[in-house]
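Welcome! Open your viewer, keep the selection tool handy, and let's walk through a few stops together.

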Amino acid sequence: MGAAAVFLCAALRRSRPAAAALLLPRTIPYSPVPLPPPSIGRALPLLPRLPFPAGFGYSTVAEESEAPARTKGKPRRSPMKQSRVDFTKVDAALLPTIILVGRPNVGKSALFNRLIRRREALVYNTPGDHVTRDIREGVAKLGDLRFRVLDSAGLETAATSGSILARTADMTGNVLARSQFAIFLIDVRDGLQPLDLEVGQWLRKHASGIRTIVAMNKSEALDEHGTLTSAAGEAHRLGFGDPVAISAETGLGMAELYEILRPLFEEYMFQLPNNGLNQDDLISEAEANEGDESKLPLQLAIVGRPNVGKSTMLNTLLQENRVLVGPESGLTRDSIRAKFQFDNRSVYLVDTAGWMERSGKEKGPASLSVVQSRKNLMRAHIVALVLDAEKIAKSKSSMNHPEVVIARQAIEEGRGLVVIVNKMDLLRENQRLLDKVLEAVPKEIQTVIPQVTGIPVVFVSALEGRGRLAVMHQVIETYEKWCFRLSTSRLNRWLRKVMSRHSWKDSATQPKVKYFTQVKARPPTFVAFMSGKTQLSDTDIRFLTKSLKEDFNIGGIPIRILQRSIPRKASSFKSNIKKRGSTIIRMKTDKRTEVSDPTQS
């Protein structure tokens with residue numbers, strides 16, 4: 001009885017249903033071999049027959065502890081196979097490239113954001129309009145795969161010649177030469193539309209050598225055996241093989257897409273020399289230039305009001321038709337990011353949408369464009385503010401309210417500012433207006449932003465390609481000043497000279513700067529450690545800022561000067577005596593009491 005009681009109590013403590021069933025009467029399975037007598041002191045009474053079948057089995061506590069634990073819910077899928085190529089060591093220029101194509105509003109931008117794991121492309125439900133108009137590029141991450149992905153505008157083969165849709169289709173056709181693979185997206189909820197068939201014919205005509213994968217997007221609401229199966233059979237009419245069901249919004253089907261892309265990417269990489277690996281030099285650009293901040297990649301944002309030539313300026317700097325341009329106002333909606341090399345330096349260009357005054361009435365993609373432009377202004381190192389020379393010549397002021405807001409916000413955020421006056425070719429015939437623009441713009445900028453002197457102004461014509469080198473040299477010079485650093489010893493030698501030539505009203509109230517140091521760059525930030533309670537006034541800070549710009553040639557960028565007080569120790573004499581461990585001996589004399597220190601004798 002003791003062994004059986006211990007056995008059953010253990011089963012109850014572990015909450016094992018099968019073992020706990022031993023408490024109930026049970027039948028002993030039939031066996032031709034007679035059962036041995038129990039080893040305990042006295043025999044247990046036979047249990048009566050239960051209403052269970054004769055072969056009803058149960059598991060003991062030991063058997064249940066050895067059995068594998070069952071998982072609740074659906075059975076877990078086997079993990080994805082690992083790729084035989086380490087894509088993290090492959091040069092970004094040699095990564096396989098995929099372009100996302102399809103008719104408008106099928107979820108290309110949503111899939112682009114899913115693959116790059118950031119919300120960069122604008123996503124908005126506009127069945128009658130195009131949100132994406134330019135080619136957006138990014139590095140995608142899918143499991144252990146790394147590849148370049150291009151987000152294209154929606155294709156409409158019936159677009160009239162010269163329209164925006166026709167120009168976006170031509171731009172998509174031009175970038176097909178840079179792609180090795182294509183993902184053809186269709187909206188599975190709408191079924192196969194006639195425009196999908198036309199896009200398929202367009203792909204077979206313009207991208208015959210590109211491996212195309214059909215993806216049935218927005219399939220999260222469909223079942224696996226009913227509507228989805230019939231939609232997959234319908235998608236075979238496109239002639240690109242078996243489709244894959246995905247959902248760019250929820251991430252459904254990404255594992256299946258990985259299994260399709262992995263062998264294709266491996267085959268592509270094995271055809272490259274050395275598999276595209278940088279075996280000699282795997283050091284990134286940031287690690288190579290860790291000591292010199294001015295050699296790090298530069299982030300340049302091109303901002304301004306609508307229709308001032310920002311996209312044309314981007315194409316001129318890149319020397320290619322990278323973004324869509326035209327006479328229409330507000331043509332750019334997405335902030336397009338592009339990388340190029342200039343003077344052995346990596347430069348990231350960001351073309352933003354036209355900066356409009358926030359009236360609260362913006363709806364749809366226009367409201368998203370305004371928010372995205374402001375975000376890119378915060379991320380940039382140098383801000384290139386583009387002005388329209390023709391409008392300046394016809395108006396009384398050089399800068400309107402949105403342009404003043406851009407300039408002031410860039411300075412307040414500590415960014416470098418370069419002003420570009422575009423469309424100077426339109427003033428070539430009128431010398432009077434040309435001289436007016438050349439003289440008025442620098443003066444008004446200095447009036448609008450008095451805290452920063454020497455902001456560079458460049459006059460260009462982006463349409464003719466004039467002024468490209470002048471713009472880039474000015475941007476690089478401003479960036480190097482923005483990353484400028486000074487040693488503490490050099491600063492303190494400079495400080496002694498500057499404080500001696502400054503005229504103070506009262507020498508008794510003159511602030512005493514114990515030492516001056518630079519705590520950070522980008523932008524240059526200095527700290528003046530003050531001795532005592534006297535602080536530097538605003539006039540003193542402006543004087544130091546102006547002296548820094550003139551003596552070290554770092555004008556045209558924002559400079560910050562902070563100050564901190566160093567409190568004086570009230571009992572410094574007593575603390576010094578205690579640290580030296582000295583004792584005080586008092587000697588009595590007739591005249592006075594003398595105090596002597598034996599450590600000084």
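Which residues of α13 are buried? Select Pro402, Glu403, Val404, Ile406, Ala407, Gln409, Ala410 and Ile411 to see them. Buried here means under 20% relative accessible area, while exposed means over 50% and partly exposed lies in between (1.4 Å probe, protein chains only).

Before moving on, please note that this is a predicted model: local features need pLDDT of at least 70, side-chain atom pairs count only at pLDDT 80 or more, and totals for chains, interfaces and linings use all residues. Residues are numbered from 1 along each chain as its sequence is written, and side-chain values use heavy atoms, with hydrogens and water left out.

**Stop 1: helix α13**

Now show residues 401–412, the whole of α13. Helices (H or I, at least four residues) and strands (E, at least two) are DSSP runs, numbered from the N terminus. The expected span of a helix is 1.5 Å times one less than its number of residues. Just after α13, click Gly414, which takes a positive phi of about 80 degrees.

**Stop 2: helix α8**

Select residues 254–270 next. These 17 residues should span 24 Å, which agrees with the 24 Å between the end C-alpha atoms of α8. Look at Leu261, where there is a kink of about 30 degrees, shortly before the proline Pro263. The bend at a residue is the angle between axes fitted to the seven residues ending there and the seven starting there. Buried residues in α8 include Met254, Leu257, Tyr258 and Leu261.

**Stop 3**

Show α16 (residues 488–501) and α17 (residues 538–552), whose axes come within 11 Å and cross at roughly 120 degrees. Axes are lines fitted to C-alpha atoms, for helices over the stretch in contact, and angles run from 0 to 180 degrees between N-to-C directions. In contact means heavy atoms within 4.5 Å. Among the residues making the contact are Trp494 and Leu495 of α16, along with Phe543 and Leu544 of α17.

**Stop 4: Gln299**

Where is Gln299? Gln299 sits in strand β7, residues 298–304. Gln299 counts as buried because its relative accessibility is 18%. Leaving aside neighbours within four places in sequence, its contacts include Arg337, Tyr348 and His381.

**Stop 5: Val131**

Finally, find Val131 in the loop between α4 (108–116) and β2 (136–142). With 8% relative accessibility, Val131 counts as buried. Ala153 is 22 residues away along the chain, and the C-alpha atoms of Val131 and Ala153 are separated by 8.0 Å.
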